[in-house]
Amino acid sequence: MRTSEVEPVRAPSPYGTSAYLSCVLGCLLLGAAVSGCEKPPEEAAPVPVRTKVLIPEEIVVSSRFSGSVEPLQTTDLAFKLPGTVQSLHRPPRLDRDVQVGDVLAKGTVIAELDEGDLRRAKASAEARVAQLEARVATAIDNLKIATRVLKRFEESSGSVSEVARDDAAAKRVSASGELTSAEHALADAKVRLDQANDDYVNRQLIVPFDNATVAEKRIESGERKAAHEVAFRLIDISTVHVTFGVPDTMLGDPAFGRSVADRIYLGRTLTITADAFEGRSLEAVVTKIAPQADARTRTFLTELSLTNPRLSDGQHLLRPGMIVTVRVGTQSDRRVMLLPMAAIHRGRSADELIVYEAVAENGREVVRARKVSLGGVYDNQVEVVPAGSELRLGSQVVVTTAERLTDGGLVRVLRESNLSPATLSEAK
């Protein structure tokens, strides 16, 4: 029997040929659609940074001391005797008595007591002196007469009794005693007259020096003043002194050629400034250095002198009691451009230093790496030397977040108005 060949039975395909192709095509189209829906890579967000504008700043390496302004001279005026105030000085063209702030010339009679009692006392003393001068003259004549009588009795030989001779001698002794008593009384009367004359003169208070400014007034016309009770305090501020304490390290003579810029010596000119005349500086000369240190502060009291400038209204610029700043070594002070140390970074080579400058390009804020040349370090800030630096005056240099920056990277400069705590935290 012949065996017939039997074809293997194939499982029917779940998909027809056309259906299969349609399925494959659909998958491809789906894949293309999915691929076409992918977003392009996002641009990096701007980095928030803080910047510092490069401007000249003053570097102060000089020494500064606090000093006090004192007048050239001062005095208190008081009457030497009690009395009633008759009148006070009246400045020319002013219908008022002298007051605080007025400037008076030497010899001005600033106040005067009632002279009635003083004039009478002076006249009485003069009369007493005249009376005693007459008494002395009479005593001198009586002594001369008694001396002649006694001499004549002594020259007589037996014609005058001993009683008469003793009586003449007694009269001479009495005349001599009267003369001595009269002379002593006259000397005492002259002293009293001198005192009366002094009292009469001292009824006036007279300004003892020129450019005397009335600093205090404790007297009014018509009031009663006691002896030695202060009536006026006068000061001369046409020239003033500035006193301050100096350590011994600035007074000695160093053995190793240290600069004289920070030394203080007699005759040296120093600069003084004060908040009272901000923006101005004055020059003063060292006129006194104490020979020994103050026991409490261990500093040497130093005195400067200078002519007191006048303002447009005639008043003096410096007034006693003002606090001023004395600067020593101002020649070393200068203006430079400074940056924080955190703004400086190493460049491409080991000897290259850069900073990042925020600039506007195409309406966006970006940073550019700039080469920089540095000078000295001052309080965690470093000097930018213009020579060899690519920075210029007014450049905005990034001072934070530099580790996240690259040349040309986008940044967002934080202004002072939008520096909230959250923003500050983000920028660090």
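## Strand E7 and its two partners

Glu112 has Gln204, a residue of strand E8, as its bridge partner. The model described here is a predicted one, and this bridge belongs to the pairing between E7 and strand E8 (residues 204-206), which is antiparallel and extends over three bridges.

How much of strand E7 is buried? Of the five residues of this strand (residues 109-113), four are buried, so the strand is largely enclosed by the rest of the structure.

The loop between strand E5 (83-88) and strand E6 (103-104) contains His89. The relative accessible area of His89 is 19%, and because the limit for a buried residue is under 20%, His89 counts as buried.

Which residues does His89 touch, leaving aside those up to four places away in sequence? The contacts of His89 are with Arg96, Asp97, Val98, Leu104, Thr108, Val109 and Ile110.

## The nonpolar cores

The largest nonpolar core has 25 residues, and those that touch the most other members are Val242, Phe244, Leu304, Leu306, Leu318 and Val326. At least two residues of this core come from each of strand E4 (63-78), strand E11 (230-246), strand E12 (269-273), strand E13 (282-289), strand E14 (300-307) and strand E15 (323-328). Strand E11 gives the most to this core, namely six residues. A separate core, of 21 residues, lies apart from the largest one and includes Val98, Ile110, Leu205 and Ala231. As a general background, nonpolar side chains in soluble globular proteins tend to be buried together.

For Phe244, when residues up to four places away in sequence are not counted, the contacts are Phe65, Ser66, Gly67, Ile264, Leu270, Phe300, Leu301, Thr302, Leu304 and Val326.

## A four-stranded open sheet

An open sheet is formed by four strands in the order E3-E16-E21-E20, with antiparallel pairing. Strand E3 (56-59) and strand E20 (373-378) are the edge strands, and each has a single partner strand, so one side of each is left without a neighbour in the sheet. From one strand to the next, the twist averages 55 degrees.

Within this sheet, strand E16 (residues 334-340) pairs with strand E21 (residues 381-385) in the antiparallel sense, over four bridges.

## Helices H2 and H3

How do the axes of helix H2 and helix H3 cross, and within what distance do they come? The axes of helix H2 (residues 116-155) and helix H3 (residues 162-201) come within 7 Å and cross at roughly 160 degrees. Because an angle over 145 degrees counts as roughly antiparallel, H2 is roughly antiparallel to H3. The crossing of H2 and H3 is left-handed.

## The protein as a whole

The protein has four helices and 23 strands. Its 428 residues include 33% that count as buried. Among the contacts in the protein with a separation of 6 or more, 71% are accounted for by residues 24 or more positions apart.

Note on methods:
Residues numbered from 1 in each chain as written. Predicted model: local features only at pLDDT ≥ 70, side-chain atom pairs only at ≥ 80, totals over all residues. Heavy atoms only, no water. Core = buried A, V, L, I, M, F, W, Y, C linked by side-chain atoms within 4.5 Å. Buried < 20%, exposed > 50% of the residue type's maximum accessible area, 1.4 Å probe, protein only. Contact = heavy atoms within 4.5 Å. Pairing = 2+ DSSP bridges. Axes fitted to C-alpha atoms, helices over the stretch in contact; angles between N-to-C directions. Parallel < 35°, antiparallel > 145°, perpendicular 65-115°, else oblique. Left-handed = near helix turned anticlockwise from the far one by under 90°.
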